[in-house]
Each structure stands twice: as structure tokens, then as C-alpha cells.
Amino acid sequence: MQHCNCTKQKLLSESLALAGSHLTASWVTTTTSTNDDVKELVKNTEDCLWTVRVADVQSAGRGTRGRSWSAPEASLLLTVGIPLATSTENPAGLSLIVGAACVDVLKEFNPEVRLKWPNDIWINGGKAAGILCEIVHSRSRFPHAVVGIGVNICLGQTSVPTTDVPAAALFVQSLKADELQAIRLRLAVSLALAIESICSCLNCGALAEVRSKWPQLDAFADRTVLLTLPSGEMKRGRVAGIGAVGELLFIDEGGRMSAFSDARIRPLEND
């Protein structure tokens, strides 16, 4: 059973209202997945829904391709659900567009924040946050973006995220309880507003702007990376940019450029 963290919910709701947001806020102590919660809300909504769900703990967090996502205690777990214009039912590069907006927010806390194609946020050599974007329809078939983000605020000594890459966090040092709560609320407000803003006005220029900024956003700029295809084939090379619909442009060791819409990239440890 989900229990409301009513004090945090009230503070989040008030902050969003002061900023002119259309989002209704809910903050629960525990849930299985904030993305799953919001998806169910959208599916059971007759028309349109603007909402943000935050959880202190989630037991079945997940990332792309259904991978599990476990977060440290000092984290923020948040999902925004927002209707999309029918002309952008399947917006190209949505994860990248949202990711770039989240990077702008998180850089206020750590200037080393960068974006790893297509939907992870890295700090130096580790993953500090993951983003999961899904398109879900209401009962009247109105498309919604359901955007979840899990951010490591600080790692501490236990509950380090279980992923296949090193973990990172916004803050190296541990935070006192009151500091952590203040930062968690500030992050929730800022990220919810950023996601609401970018998803409310998606247009053909949004991805073009990300593409133009990619050299500054790219977590692996000027580094050799290992690219793995769904077939298991691996290639060494460098990221060359982002394509017209958000695909990864990649130059292999032989100097050949290719575009990939489904692949994984990791930095080479000895690069």
C-alpha cells in the first residue's frame, strides 16, 4: 500500500503552483515504480493528465529495455506525465531533448554533469542519473509523455546503485538529513518544471538545438568508446554527433561513419 508523504507533497505542490505549473503533485513513501504509477493514471484518464509523482523508495525501478534500476537512499525518484500535441505523438529524440533539459537543471548542483546518448546522465566516469521516456495513451487515445528520472544525490556507504557501470552522484560528500531533504525538494521542483516545459512545447527545433549543443553535452567527447549492437557485435570508435532523428553518429577505428538508433556505448577504461 502506498502512503502519502503529505508534508513533502504539500511543499512540492505549493512550489509548482507558485511557478505557474499545471502539474498536480503526489509524493509517496514507497512504490514499485513511479513510471508504472503514472502510466496507470494516464491509461485510466479519459482525456488529458498533467501530473508528477515522487517516491522516497521504489522497489522495482527500471530503465531502458526493462533493466532494473536501484538507487541509494540519498536519491530523487520522479516521474512526470504530460499530454503531447497530436502532431508529435512519437517525437523524435524525446529522450535526448528531455535529457538535455535535465542536464541544465543538474548543472546547477554539479558543473561536471553531461549526457550520455541516449538517456543517461554522467558525472566524470560514472552514471549519476537515468531517464526513461515512454509514450502512453489515455482512454480517449490522447498521447502522453511519461518521463521518469532517478538521480543519485550522494552515494554514501551502502545501497550503491546496481548497474553495469560505475555509479556517480551530484555530491561527493554525504549530506545532513535537513540538507538532503531541501535539495531533494529543490531538485523535484526544478526537474518537474523543466520536463513540463520541454514536453509542452515540443517542436522540430528542439532536437536541432540539442544536436547543435552536443559537443558540450556529450559525456564521452574526445574519448574512445565501445559500441555494442543488439546482436552482440562490438565496435571501437568515437561519437561523432547526433543525427536528424536522434540517432547516434559513430566513427569506427577505420574512419567509417555509421548511424545507430539502437546501441549501447561505454568508455574504454584505458582511454
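Mentor: Arginine 141 lies in the loop between β6 (126-137) and β7 (143-152); strands here are DSSP runs of E of at least two residues, and helices are runs of H or I of at least four, numbered from the N terminus. This is a predicted model, in which local features need pLDDT of at least 70 and side-chain atom pairs count only at pLDDT 80 or more, while totals for chains, interfaces and linings use all residues. Residues are numbered from 1 along each chain as its sequence is written, and side-chain values use heavy atoms, with hydrogens and water left out.

Trainee: Why does arginine 141 count as exposed?

Mentor: Buried means under 20% relative accessible area, exposed over 50%, and partly exposed in between, with a 1.4 Å probe and protein chains only. Arginine 141 has 57% relative accessibility, so the residue counts as exposed. Its phi is near 70°, a positive value in a residue other than glycine.

Trainee: Where is aspartate 222 found, and what makes it count as exposed?

Mentor: Aspartate 222 is found in the loop between α5 and β8 (225-228). Its relative accessibility is 74%, and therefore it counts as exposed. Phi of aspartate 222 is near 65°, again a positive value in a residue other than glycine. Most residues other than glycine have a negative phi, and most peptide bonds are trans.

Trainee: Which residues does a cis peptide bond join?

Mentor: Tryptophan 117 and proline 118 are joined by a cis peptide bond, with omega about 0°. Proline 118 is in the loop between β4 (113-116) and β5 (120-123).

Trainee: Why is glutamate 40 called partly exposed, and where does glutamate 40 lie?

Mentor: Glutamate 40 lies in helix α2 (residues 34-43). Its relative accessible area is 44%, so glutamate 40 is partly exposed.

Trainee: How do you know that serine 21 counts as buried?

Mentor: Serine 21 has 16% relative accessibility, and therefore counts as buried. This serine is found in the loop between α1 and β1 (24-31). Leaving aside neighbours within four places in sequence, serine 21 is in contact (heavy atoms within 4.5 Å) with Leu16, Leu193 and Glu196.

Trainee: What makes α3 oblique to α5?

Mentor: The axes of helix α3 (residues 94-106) and helix α5 (residues 204-217) come within 10 Å and cross at roughly 55°. Axes are lines fitted to C-alpha atoms, for helices over the stretch in contact, with angles from 0 to 180 degrees between N-to-C directions. Angles under 35 degrees count as roughly parallel, over 145 as roughly antiparallel, 65 to 115 as roughly perpendicular and the rest as oblique. The angle of roughly 55° therefore makes α3 oblique to α5.

Trainee: What makes α1 oblique to α4?

Mentor: The axes of helix α1 (residues 6-18) and α4 come within 10 Å and cross at roughly 40°, so α1 is oblique to α4. Among the residues making the contact are Leu12 of α1 and Ala188 of α4.

Trainee: Which residues have the most contacts inside the largest nonpolar core?

Mentor: A nonpolar core is a set of buried Ala, Val, Leu, Ile, Met, Phe, Trp, Tyr and Cys residues joined through side-chain atoms within 4.5 Å. The largest has 73 residues, and those with the most contacts inside it are Leu12, Val52, Leu78 and Ile121. Helix α4 (residues 177-200) gives the most to this core, with 11 residues.
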